[in-house]
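Here's a quick briefing on how two chains meet, plus a look at a couple of residues in one of them. Have the structure open while you read.

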Amino acid sequence: MSFDVRTVTGEWDYSALASNVQLGRGCWIERPQSFERFRSIRTPGAVLGDGVAVYGWTVFNVEAGGVVTVGPRSILVGAVFMCQERIAVGSDVIISYNVTIADSDFHPRDPVLRRLDAEASAPAGDPAARPPIEAQPVHIEDGAWIGIGAIILKGVRVGAAARVGAGAVVTRDVPAGATVEGNPARLVNR
Amino acid sequence: MTRLAHDWFPGELPAGTSLGERSWLYSAYALHHCQGHVQIGGDCGVYSGTHFELGPRGRVEIGAYCTIVGAVIATNGIVTIGDHAFIAHEVVIADSPFALPPGAAASGSAARPQPRAGPAGIRIGSGAWIGARALILDGADIGRDAVIGAGAVISGAVPPGTTATGNPARVVAR
């Protein structure tokens, strides 16, 4: 099979995406591989607003019950979404390279439950036996910028026009207009 | 030379790219967003995961005997890498902490991330070693033989022969 260069330029046929992926006008998705691990059965399971740009490093890892929404004109360069329930990105958001956004821990904090999870997660294990994990939705509000390599963890709300610095690991809400940096992320005065 | 013989990607190397003798570049795909100039010295290995995301004024110059495992270089300025450097996987070298690929649209010029202007751009000295997932930002000046720890965030000077780690980075060994 010859290589189809359109699968790396965004010029492939977007109707090949799952029917529960809703695209606004003028969306651009560089690579279909960004949706390779999109397993949502929700309606819709993903919504990309008008003019959203999705570069090839972006990955929508979405579980069966998950929904990811992205507002108009947002630019996703390397946004790796790990979505169990809900991740909402507003309009005019910039997410740079190598960013991870997760709405869940995906595995139990409790070591006894985590061992059960390890066995249920094995190739021959029973996925229905996995201990239930509580998700906490993540919101990234309008005009926020997420810097290179940042990690946004469960339950976080990044306020409108906030700035998450490169490499920051965000575990708490970021107020609108604020800047956070570091691991763990802390407010800085700018 | 405009096409790499081993390449799976049908594109050619853009004009302004040069690859030194006995050097290996995994694919022209590394330059598929590139609008600037990339000069790679001799005896270098540039491997999968490396991308040159250069704006029209972007220039990258890489010396001899460099091993670049998977670096994204996103700049509309100058990045200079000396000889005998090692750059590990998922390193990003960028002129802005909010770097975008060249040509990415933005909602308005006021909202476009702008790099702080640094006349020297980004310099990585001869023999430097950059650890996995380190971030090398505008203003970084990494001295000869310096070592940058995994995940470090560097935006200033690292003296020659020292080791810097952390976010924000600190010199931890001399």
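Predicted model: local features only at pLDDT ≥ 70, side-chain atom pairs only at ≥ 80, totals over all residues.

Residues are numbered from 1 along each chain as its sequence is written, chains are lettered from A in the order in which they are written, and side-chain values use heavy atoms, with hydrogens and water left out.

**The interface between chain B and chain A**

- Chain B puts 31 residues into the contact and chain A puts in 27, where contact means heavy atoms within 4.5 Å.
- Together the two chains bury about 2200 Å², with 68% of that on carbon and sulfur atoms; buried area here is the accessible area (1.4 Å probe) that two parts lose on being put together, summed over both.
- On the chain B side, B:Phe98, B:Leu135 and B:Asn167 lose the most area to chain A, together 23% of what that side buries.
- There are zero salt bridges between the chains (a side-chain nitrogen of Lys or Arg within 4 Å of a carboxyl oxygen of Asp or Glu).
- Seven residue pairs, both at pLDDT 80 or more, are in polar contact across the interface; that is a pair of N or O atoms within 3.5 Å, and within protein one must be able to donate a hydrogen and the other to accept it, with residues adjacent in sequence counting only if both atoms are side-chain atoms.
- Strands E5 (51-54), E7 (67-75), E9 (86-94) and E12 (135-137) of chain B each give two or more residues to the side that touches chain A; strands (E, at least two residues) are DSSP runs, numbered from the N terminus.
- E9(B) gives the most to that side, with three residues.

**B:Thr75**

- B:Thr75 sits in strand E7 of chain B and counts as buried, at 5% relative accessibility (buried is under 20% relative accessible area, exposed over 50%, partly exposed in between; 1.4 Å probe, protein chains only).
- A polar atom of its side chain lies 2.8 Å from the backbone nitrogen of B:Gly77.
- The side chain of B:Thr75 also makes a polar contact with the side chain of B:Asp95 (3.5 Å).

**B:Arg57**

- B:Arg57 lies in the loop between E5 and strand E6 (59-62) of chain B, and is exposed at 62% relative accessible area.
- Leaving aside neighbours within four places in sequence, B:Arg57 is in contact with B:Asn76 and B:Gly77.

Technical notes. Helix = DSSP H or I, 4+ residues; strand = E, 2+ residues; numbered from the N terminus.
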